[in-house]
Amino acid sequence: MNRMHSWPPGAVSASRFLSRMDRATVELPPSCSPHCTLFVPHHYELNYGYPLLVWLHGPGDDERQLKQIMPHVSLRNYVAVCPRGSSSPLPGESGFRWSQTAQSIETAEERILESIDTACARYQIAAEHVFLAGFQCGGTMALRIGLQHPERFAGLASIGGPFPEGLAPLARLRQIRGLPLFIAQGRDSLEYPLQQSCEELHLFHAASLHVTLRQYPVADDLTTAMLSDLNAWMMERVTGVSQESSDEVQVSCLNGLN
């Protein structure tokens, strides 16, 4: 059964919490690649296998976005890594993006898999608990690459990024039916409008995908509630214990709409 929740007042957008994140203490050691950044959790334990969060930044940004988002995901639960976008900035833009061209997808795949290898070589990672997530075009690319390699990931998450189109994202349908997907959407989004997510629900149902879709009363913002809910969703898959999440509007789609 679909579960509907009301939203608490005071939602905070990305533009309003950047200054708070910049003041957070985040350890960002140099990585082996000039195109990725690594995050080490506070009080890192050498003998514990950590879940790994692979984060794909949004458009007009770069791998340093990891420093901004991790204080609002968790400072203790994960090792995390963020590769740089596979496409150069558009005219008049700064930063990078993840374009859905064949060349960009190939480059993204190389950078994502390389970043996982980098993290695993430096830190203790639980191979069965690797998550791939991103914001807007980064979220779409996270779904794209994760669906190509479902055996490598414990779950895929997209915040504000629509499901990928073209180039057969469901080519490995049998293998991906058990792969959990988390999709977060701004109710007033222009980049990922409500009508598009409704159409995607029909696709998820037809394909019998395991999807949690959550809607938030914002437009195209990245909010602290979204990141907190992402943490709760990932930890539920790591621990097998249900986690508390914000009172967003949620639609669960497990092997179709139930």
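I'll start with the ground rules, then go from the whole protein to single residues.

This is a predicted model: local features need pLDDT of at least 70, side-chain atom pairs count only at pLDDT 80 or more, and totals for chains, interfaces and linings use all residues. Numbering runs from 1 along each chain as its sequence is written, and side-chain values use heavy atoms, with hydrogens and water left out.

Overview. The protein has 7 helices and 8 strands. Those are DSSP runs numbered from the N terminus: helices are H or I with at least four residues, strands are E with at least two. Of the 258 residues, 54% count as buried. Buried means under 20% relative accessible area, exposed over 50%, partly exposed in between, with a 1.4 Å probe and protein chains only.

Now strand E4, residues 125-135. Is E4 mostly covered or mostly open? Mostly covered: 9 of its 11 residues are buried. E4 pairs with strand E2, residues 50-56, in the parallel sense over 6 bridges. Pairing here requires at least two DSSP bridges between the strands. E4 is also joined to strand E5, residues 155-159, by 5 bridges, again parallel. Look at Ala133 in E4. Ala133 is the bridge partner of Trp55, and in E5 its partner is Ala157.

Next, the cores. A nonpolar core is a set of buried Ala, Val, Leu, Ile, Met, Phe, Trp, Tyr and Cys residues joined through side-chain atoms within 4.5 Å. The largest has 40 residues, and those with the most contacts inside it include Leu52, Leu132 and Leu156. Which residues does Leu156 touch, leaving aside neighbours within four places in sequence? Among them are Leu132, Ala142, Leu179, Phe182 and Trp233. Contact means heavy atoms within 4.5 Å. A second, separate core of 29 residues includes Phe135, Ile159, Leu222 and Met234.

Most residues other than glycine have a negative phi. Leu167 has a positive one, near 60°. Leu167 sits in the loop between E5 and helix H5, 173-176, and counts as exposed at 57% relative accessibility. Ser208 also has a positive phi, about 55°. Ser208 lies in the loop between helix H6, 194-207, and strand E7, 210-216. Ser208 is partly exposed, at 23%.
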